[in-house]
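Hi there,

Here is the structure I promised to send over. Have a look at it first, and my notes follow below.

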Amino acid sequence: MSKPSFDNAAPRWKHDGVRVVPANALDPNTAQTPGMDRKAAITFARVGAQKLWVGTVHIHPNAKTGAHHHGPLESVIYVVNGRARMRWGERLEFTAEAGPGDFIYVPPYVPHQEINASRTETLECVLVRSDGQAVAISLDIEPVEAPEDVPWVDPTHPG
């Protein structure tokens, strides 16, 4: 049995294969939420991604975003630097914090708000969404005064 030949595919894969998006080439022309700077790295328009949107998020010290959701998309936030405080719910009545190395999962349609918990350090994150297009829908929510802290419970490893 002979090895498959990829010689005919090489020219196609040259521009349709692996893509490296340099840090200085991120695109700020994406859906924005007040209080947050998003920059796109991997999108349908930029690399042809069919099921992902990936980019960076920076929230300035002591700043917070407006309440929003991302429609039918799932989102994952990876905290690179700083301390994130998330609020979510119909009136942003729940809260949890995450630090460097932590992951945050936001299900579809969940109203939420990202807060930089530090007064001195920029919150830097990587954001991944389950579609090649960016969706950010701002909401007009009157948040509760004192949200309830919700600790992580792993349903796959109880106890």
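Predicted model: local features only at pLDDT ≥ 70, side-chain atom pairs only at ≥ 80, totals over all residues.

Residues are numbered from 1 along each chain as its sequence is written, and side-chain values use heavy atoms, leaving out hydrogens and water.

Strand S7 covers residues 103–106 and contains phenylalanine 103 (strands are DSSP runs of E, at least two residues, numbered from the N terminus). S7 runs antiparallel to strand S4 (residues 75–81), joined by 4 bridges; two strands pair if DSSP finds at least two bridges between them. S4 also pairs with strand S9 (residues 123–129), again antiparallel, over 6 bridges. In that pairing, isoleucine 77 stands opposite leucine 127.

Phenylalanine 103 counts as exposed because its relative accessibility is 60% (exposed means over 50%, with a 1.4 Å probe and protein chains only). Together with Tyr78 and Val80, Phe103 forms a nonpolar surface patch of about 300 Å² accessible area. Such a patch joins nonpolar side chains within 5 Å, from residues with over 30% relative accessible area and no salt bridge (a Lys or Arg side-chain nitrogen within 4 Å of an Asp or Glu carboxyl oxygen).

Methods
Patch = residues over 30% accessible without salt bridge, like charges linked within 9 Å, V, L, I, M, F, W, Y side chains within 5 Å. Areas by Shrake-Rupley, 256 points an atom, 1.4 Å probe, with all protein chains shown as cover. Buried < 20%, exposed > 50% of the residue type's maximum accessible area, 1.4 Å probe, protein only.
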